Amino acid sequence: MKILVTGKNGQLGRSIQKLISNYDDHEFTLAGREELDLSSSKSISKYFDTNPHFDVIINCAAYTAVDRAEEEEDLADEINHQAVKKIAELANSQNAKLIHISTDYVFDGKNESLYLESDNPNPINVYGKTKLLGEKAALEAMPNNAMIIRTSWVYSEFGNNFVKTMLKLGKERNEINVVSDQVGSPTYSSDLAKAILHIISNDNFNKKSFQTEIFHFSNLGETSWSDFAKEIFKLANLNCTVTPICTDQYPTPAIRPQNTTLSKEKITSHFRLQIPSWQQSLKECLNEIK
Ligand SMILES: NC(=O)c1ccc[n+]([C@@H]2O[C@H](COP(=O)([O-])OP(=O)(O)OC[C@H]3O[C@@H](n4cnc5c(N)ncnc54)[C@H](OP(=O)(O)O)[C@@H]3O)[C@@H](O)[C@H]2O)c1
């Protein structure tokens, strides 16, 4: 299959890149902002005019700066919504299948149990709103042959993320305040990349046609940011004390949902996936960073 991966320099894009040598029966094309600028409708049209037909498009690119999005709503909308609409329309016209990545931030975080794919989204920040519009646009443009995978709290050995920030701060300080009243499930981007590559080889994805659906993916288990930080320091042997604080004590431009733990039941049963616990995957990522 000819597979296009957008966002090649992002965490997920790079995790996919790291694995593709194991999939040499597929031909991968990796595109970054230079080749395919999702903030420009012209750039998208030009890219698809000059590049050959794809069988699968994996859209990893996104505007992910949650706080900055509060001030850059138009740009976030262009990348997370308008570009997804355009890519889905192009995929549909080429009979390509689409895997689009979305976020737990489409929810308001008020659920007391795990979020199911059927739960009503109600985003409380600009990033979440634009990502939800992107999901809706993909569903509308592609009633068939697309998958929307919502994920949460993504970290990796690449780029900037919570784990790398904690490793840096843990070396510089003896004590750190971390929010304890936001809970969710961390996702090692390597596990999501493996899941996506597993899915594109699965019979349920390779059917001639399937109905577009939403799936949730993260590592198993749940935690708070402060307990996540404690586990990072424990595994990295860093002597830094975590003081749990409330969200009110750490104001940010974008409001964050309080509980966005996603149920992984649907994706694991549909694609016979096995997902590691967040603690197990954190250990693996820390070994990669070493
Ligand atoms: N990170 C998280 O905690 C998190 C949580 C939930 C869901 N997600 C979703 O998971 C997916 C992957 O996230 P990630 O963590 O891999 O994100 P990431 O590391 O921030 O990567 C996003 C990529 O998108 C690219 N991009 C941004 N604007 C672009 C534009 N105008 N044209 C083309 N490319 C552009 C960036 O390019 P540059 O490298 O050139 O900047 C970057 O490579 C996204 O859909 C995100 O919304 C992420």
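Which helices and strand each supply at least two residues of the shell around the ligand? They are helix H1 (11–19), strand E4 (97–103) and helix H4 (126–141), where helices (H or I, at least four residues) and strands (E, at least two) are DSSP runs numbered from the N terminus. The model is predicted: local features need pLDDT of at least 70, side-chain atom pairs count only at pLDDT 80 or more, and totals for chains, interfaces and linings use all residues. Residues are numbered from 1 along each chain as its sequence is written, and side-chain values use heavy atoms, with hydrogens and water left out.

**Ligand shell**
- The ligand is surrounded by 25 residues, the closest being Arg33, Leu38, Thr64, Tyr127 and Lys131; a residue is near a molecule if one of its heavy atoms lies within 4 Å of it.
- Strand E4 gives the largest share of this shell, 3 residues.

**Backbone atoms at the ligand**
- A backbone N or O atom of Gly10 lies 2.9 Å from a ligand oxygen atom.
- A polar backbone atom of Leu38 is 2.8 Å from a nitrogen atom of the ligand.
- For Ala62, a polar backbone atom is 3.2 Å from an oxygen atom of the ligand.
- The ligand taken alone exposes 900 Å², of which the protein buries 82% (Shrake-Rupley method, 1.4 Å probe).

**Arg272**
- Arg272 is placed in the loop between helix H9 (265–271) and helix H10 (278–289).
- The relative accessible area of Arg272 is 72%, so this residue is exposed (over 50%, 1.4 Å probe, protein chains only).
- Not counting residues up to four places away in sequence, Arg272 touches His198 and Ile267 (heavy atoms within 4.5 Å).

Technical notes:
Polar contact = N/O pair within 3.5 Å; in protein donor to acceptor, adjacent residues only side chain to side chain. Buried < 20%, exposed > 50% of the residue type's maximum accessible area, 1.4 Å probe, protein only.
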